[in-house]
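Subject: Structure handover

Hello,

Here is the structure I said I would pass on. Please open it alongside this message, and my notes come after it.

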Amino acid sequence: MKLNMKQTILIGFAFLSICAFWQMYNSVIPLMLTNTFHMNETWSGAIMAADNVLALFLLPLFGGISDRCSAKIGKRKPFIMCGTVAAVFLMLLIPFMDNRFFENPSTGLEVVFVIILGCLLVAMGTYRSPAVALMPDVTPKPLRSKGNAIINLMGALGGIIYLGIAAVLYSSAKTEGLEHVDYFPLFMIVAGIMILSLIIIMFAVDEVNLNTQMLEYEKAHPEENLAEETSDGGEVLPGEVKRSLGFLLVSIALWFMGYNAIETWFTTFANRMWSMSLGDASTCLTIATGGAILSYIPSGIVASKVGRRKTIMGGVLLLAACFFGGLLYTCFFDYFQWPLYVLFFFVGLAWAFINVNSLPMVLEMCKGSEVGKFTGYYYTFSMAAQIVTPILAGTLLNRIGYLSLFPYCALFVLASFVTMFFVKHGDDKVEAKRGLEAFDVED
């Protein structure tokens, strides 16, 4: 049994376009809100948090709806197609409205801009779960960690492509001294990436045929299905599997609580505690991202050898150790030294071992007909954590002090290690492989 690498890469273009969009959205929209519309940090922060709040409802909703879709082109493609087209149309209105408001400010234009933003967030929310669910729809369960590693790599590639384009088009040399920056060219390029990715998905991925092969595989391996069929043809999880799923989802929320606090507050922490500039602090986070990218494929291979649960728990322990290492460093030094780069490389490595294997573990507990719904569960818990932890960690930093950041992150991550002990289902069947066989893929 081998992973179809070529097909998985083609499927990954959906996630590539999504990550390119969100990288742009999170980078540019705050600049528009504060520089063009002159909103204060409270209002702009509330608008930027709206995507996570909407995701709590939209991702599981449309994931479940796509599970029940019976279109001729497949269950996921209609949502990917309609969502992408709607998002591209709405996103191109964003820089247009931004430019119009700069030329002729009015409350009406500001209201319309916010409404368009809201509609754009809804459009993106309609197809994220279906897009992510497409990979497990066509990939056998034991290979989903490797498949998810490829999908994460494609997502990282989308973010890198955007960052490279933005760096070229909007370098400080080109924007310094400008009263207003026109972001329309950037939005056009990202829209082109999204449309190109959509064309690849629609014409190069035969969802119906691949899903049929997947269903045939499930029938031939009924022992891998943890759901029980009810008398009316539906599916229900046994009680012990439900408990494992519940503890796994809590674990996901806990490690996102720890990791996202670092993502949100590290640059401010580094400036206050180590006197680092924004650029130097961002370099640490970039190295963490690089460590994760380099570890995506190995994390899937390790999981196929020792199991996803053990791989995740090893990553959790390493991540907690890195956070405690950050605390110890802060206790002895109040300035930057190169070992911090090594520390953040291992932060990224640990996060890859956790993140690559957690979604496949959730999906291991469902049958193929519920992949979208269970993908929605995963994103509901991860998004909920990312809504709560910036506020909770920020309050702690304000009340106790910045020295509390690393202990906060470490304790939440360690709490997820405890809850993972109660997860008894969702692991793949480990197959003994030797030598180069562990790296087998097919085009």
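This is a predicted model: local features need pLDDT of at least 70, side-chain atom pairs count only at pLDDT 80 or more; totals for chains, interfaces and linings use all residues.

Core. The largest nonpolar core has 122 residues. Within this core, M91, W255, F266 and F323 touch the most other members. Helix 10, which spans residues 239-274, supplies the largest share of the core, with 16 residues. To see what surrounds one of these residues, select F323. Beyond its neighbours within four places in sequence, F323 is in contact with G258, Y259, I262, V347, F406, C409, A410 and V413.

A residue in helix 10. S251 also belongs to helix 10. Is S251 buried or exposed? Its relative accessible area is 0%, and buried means under 20%, so S251 counts as buried. If residues up to four places away in sequence are set aside, S251 touches S416, T419 and M420.

Aromatic pairs. The count of aromatic pairs comes to 24. One of them is formed by F345 and F346, whose ring centres are 5.8 Å apart. The planes of these two rings stand at 85°, and an angle over 60 degrees counts as edge-to-face, so this is the class of the pair. F345 is partly exposed, with a relative accessible area of 29%, and F346 is likewise partly exposed, at 34%. Y378 and Y379 also form an edge-to-face pair, with 5.1 Å from centre to centre and 85° between the planes. Both Y378 and Y379 are buried.

Ring pairs also link a cluster made up of F266, F269, W274, F323, Y329, F333, F344 and F406.

Helix 2 gives the most, with five residues. Sorted by class, the lining has 14 nonpolar residues, seven polar and one charged.

Regards

Key
Residues are numbered from 1 along each chain as its sequence is written. Side-chain values use heavy atoms; hydrogens and water are left out. A nonpolar core is a set of buried Ala, Val, Leu, Ile, Met, Phe, Trp, Tyr and Cys residues joined through side-chain atoms within 4.5 Å. Buried means under 20% relative accessible area, exposed over 50%, partly exposed in between (1.4 Å probe, protein chains only). Helices (H or I, at least four residues) and strands (E, at least two) are DSSP runs, numbered from the N terminus. Contact means heavy atoms within 4.5 Å. Ala, Val, Leu, Ile, Met, Phe, Trp, Tyr, Cys and Pro count as nonpolar, Asp, Glu, Lys and Arg as charged, and the others, Gly among them, as polar. Rings of Phe, Tyr and Trp (its six-membered ring) pair if their centres lie within 6.5 Å; planes under 30 degrees apart count as stacked, over 60 as edge-to-face and the rest as tilted.
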